[in-house]
Amino acid sequence: MRQSGEWHFPLPMAYDTIRYEVADPGVATITLDQPDTRNALSNELLGELIDAFESAQADDAVRCAVLTSSHERVFSSGANLAGFSGDVPLVHKHLGSERFVQLFGLIGGLGKPTICAANGHVLAGSLGIALACDLVIAKEGAEFGTPEINVGAFPFMIMALIYRNVPRKKTNELLLLGERISAADAVAYGLANRVVPADEFDAAVEEWAGKLAAKSPLIMRLGKDAMFRQQDMALQDALEFLHSQLTIALSTEDIVEGVQAFFEKREPQWTGR
């Protein structure tokens, strides 16, 4: 929230499986924090992730969200496999996996830019969560993969996101062989944006988050919403939709301020109007 011209951020929210905090300049950091399970994506963890992203979406002070892990070597090991064979009604398993659908849609439609800070291995279902984010920064040494086939499962919930980021044959290779790839290969495949050495990783994430948070939150929301909605439209439908979004953007004060600031060689002062 903002008081007397200054940003005041609430105390970190209390969760059992994640950590959530907001700091200047408006960056919400969501940290997977169950190292004893290698951040397995249990129903509880997925539920808390959904709650945290909803909090970031509703908080005007938040201009960017960063998703990372407290584990030294693993971002997340993926879905909780014990739940697959658990003796519970099928409908309960269905409702639990539905949280992936809700989370992917929430991150994509957040209206604010997101960074996955992959400080460790990104495996199975967690690869879908990483790909739902706008940008992925990988720490050197991190590995990516969909090993589900090796335990008699299959990455059904995340293949739609993988196929939208990775060429078809490379996606087939990931899904069918179940082998891990390096962070460098993840960049080459289109799973990540960049690889950063361990001693430069935190600074690289902070730099990108700061740059994103400095943009006009209003124009960012319009742009982010357009990016998410047009991705599966037919070309002509997408062009017509984007034309209308451009007209809306041209009606804002922020676009005028941004252009004036550029010509006056100064930092823009966003009003969100």
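Trainee: Where does P113 lie?

Mentor: Start with secondary structure. Helices (H or I, at least four residues) and strands (E, at least two) are DSSP runs, numbered from the N terminus. P113 sits in the loop between helix 2 (90-108) and strand 7 (114-118). Two notes on reading. This is a predicted model: local features need pLDDT of at least 70, side-chain atom pairs count only at pLDDT 80 or more, and totals for chains, interfaces and linings use all residues. Residues are numbered from 1 along each chain as its sequence is written, and side-chain values use heavy atoms, with hydrogens and water left out.

Trainee: Which residues does P113 touch?

Mentor: Contact means heavy atoms within 4.5 Å. Leave out residues up to four places away in sequence, and P113 touches R63, C64, A65, D134, L212, M220 and K224. Take K224: P113 and K224 are 111 residues apart in sequence, with 7.1 Å from C-alpha to C-alpha.

Trainee: Next, strand 7. How many of its residues are buried?

Mentor: Five of the five residues of strand 7 are buried, so the strand is largely enclosed by the rest of the structure. Check each face. T114, C116 and A118 are buried on one side, and I115 and A117 are buried on the other.

Trainee: Which strands pair with strand 7?

Mentor: The general idea comes first. Strands of a sheet pair through backbone hydrogen bonds, either parallel or antiparallel. The cut-off here is at least two DSSP bridges between two strands. Strand 5 pairs with strand 7 in the parallel sense over three bridges, and the bridge partner of A65 in strand 7 is T114. Strand 9 (residues 135-139) also pairs with strand 7 in the parallel sense, over four bridges. There, I115 stands opposite L135.

Trainee: In what order do the strands of that sheet run?

Mentor: Six strands form an open sheet, ordered 3-4-5-7-9-12, with mixed pairing. Strand 3 (18-23) and strand 12 (194-196) are the edges, each pairing on one side only. From one strand to the next, the twist averages 20 degrees. Within the sheet, strand 4 (residues 27-32) and strand 5 (residues 64-69) pair in the parallel sense over six bridges. T31 has T68 as its bridge partner in strand 5.

Trainee: Which strands does helix 1 lie across?

Mentor: For packing angles, axes are lines fitted to C-alpha atoms, for helices over the stretch in contact, and angles run from 0 to 180 degrees between N-to-C directions. Helix 1 (residues 43-58) lies across strand 3, strand 4, strand 5 and strand 7, running at about 10 degrees to strand 3.

Trainee: And how should I read the four-strand sheet?

Mentor: It is open, with the order 6-8-10-11 and mixed pairing. Strand 6 (74-76) and strand 11 (181-182) each have a single partner strand, so one side of each is left without a neighbour in the sheet. Strand 6 pairs with strand 8 (residues 121-123) in the parallel sense over two bridges. V74 has H121 as its bridge partner in strand 8. Helix 3 (residues 125-132) lies across strand 6, strand 8 and strand 10 (143-145), at about 105 degrees to strand 8.

Trainee: Which residues touch the most other members of the largest nonpolar core?

Mentor: In soluble globular proteins, nonpolar side chains tend to be buried together. A nonpolar core is a set of buried Ala, Val, Leu, Ile, Met, Phe, Trp, Tyr and Cys residues joined through side-chain atoms within 4.5 Å. The largest has 51 residues, of which Y20, L49, F53, L67, I129, F144 and L191 touch the most other members. Helix 1 gives the most to this core, with seven residues. A second, separate core has 14 residues, including V66, I137, A204 and A213.

Notes. Buried means under 20% relative accessible area, exposed over 50%, partly exposed in between (1.4 Å probe, protein chains only).
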